[in-house]
Amino acid sequence: MLVSSNVKAAETLLLLSSDNPAYQTVATSIISQGPTIPIDTSYPDNLSNNTTSHLTGYSLLITVGSKATEFAMQFAAEDSVILSTFIPSQGYHKLSEEYATQLNARRISATAIYLDQPLERQLKLATQIKPDLKRLGFSLGPDSQYLLPQIESAAAKMNLSLTYQTLTLESNPIQRIQPVMENSDLFMVIPDQSTLNRTTAKWLLYMSLRNRVPLLAFSQNYVKAGAVAACITTPEEIGRYTAEQLHSIMQGTVPLPSYSPYFTIITNPRVARKLGLKIKTADELQQTIVESEAR
């Protein structure tokens with residue numbers, strides 16, 4: 001379902017969470033590839049005084065990152081549109097629930113372009129890395145446990161059985177994840193700020209090599225550290241898709257929240273060899289997934 005919008009070109013604000021280079025890259029891509037319209041640019045920290053009055057004149061806010069999105073949900077004017085981009089689906093899901101009452105009361109339409117990847121895409125990559133994959137392992141925490149029905153649905157379509165643990169803040173993640181790893185053909189790392197920290201990540205990499213179970217990760221750094229592969233969306237790709245969605249909004253419709261159709265596959269061939277895997281090149285894997293999504 002598409003929500004109608006009534007956005008005027010001179011009323012658009014591009015709000016960046018900070019001056020982080022990744023946010024700047026997203027913003028540059030939006031401006032260069034989006035509609036030719038006047039766009040003001042700012043940061044939440046620059047608007048901390050008289051916030052409501054600062055945003056009164058804007059009927060469209062393009063927010064880059066979680067901090068900017070939360071700021072807009074708190075202070076955007078009535079009847080405006082928020083296009084949140086470069087934000088993890090978990091983060092957007094959480095903010096949407098937290099500010100649902102306020103958004104409805106002010107008749108604000110909000111949509112998003114997620115930074116992470118759809119589960120179907122990740123599972124397709126998993127089966128390309130491990131063609132004989134039968135048992136998929138993973139862990140969920142307080143911020144990600146809502147994903148379980150989606151994982152179950154996607155896995156069922158691919159005839160995969162699931163081995164997983166749901167962690168709490170009191171859990172010892174290493175002790176809980178170890179039996180999952182031992183009984184999996186591949187372990188998919190699902191980000192969760194509550195339970196997955198740097199120490200846990202190092203242990204996952206160690207257990208992966210010890211149990212000869214490949215890790216499917218969610219970032220370039222994770223792959224460099226020892227995961228076999230990851231599917232990511234770069235700032236340039238997010239910016240490109242945001243610009244496309246912005247064209248739609250300017251034409252009168254607000255699309256539903258979605259994942260970017262543009263993505264990049266990263267692999268670690270050295271680790272794959274250590275685990276006895278013969279995997280395709282990153283380009284070949286990407287092409288296979290692109291073709292499958294186009295069908």
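## Largest pocket

Helix α4 provides the largest share of the lining of the largest pocket, seven residues; helices (H or I, at least four residues) and strands (E, at least two) are DSSP runs numbered from the N terminus. The model is predicted: local features need pLDDT of at least 70, side-chain atom pairs count only at pLDDT 80 or more, and totals for chains, interfaces and linings use all residues. Residues are numbered from 1 along each chain as its sequence is written, and side-chain values use heavy atoms, without hydrogens and water.

The volume of this pocket is about 1,100 Å³. Among its 39 lining residues, P88, L115, D116, P191 and Q193 are the closest to the centre. A pocket is an open set of points on a 1 Å grid over the protein atoms alone, with protein on both sides within 12 Å along at least five of seven lines, and lining residues have an atom within 4 Å of a point. At least two lining residues each come from α4 (89-98), α6 (119-129), α10 (220-225) and β11 (229-232).

## Second largest pocket

The second largest pocket holds about 230 Å³ of space. Its lining consists of L196, N197, R198, A201, K202, L205, F218, S219, N221, Y222 and A225. Two or more of these residues come from each of α9 (198-211) and α10, and α9 gives the largest share, four residues.

## Cavity

One cavity of 30 Å³ or more is counted, a cavity being a set of grid points where a 1.4 Å probe fits but cannot get out. The largest cavity contains about 40 Å³ of space; points are joined across faces, edges and corners, and a volume is the space filled by probe spheres set on them. S139, L140, G141, L167, I177, I190, D192, T195 and L196 line the largest cavity.
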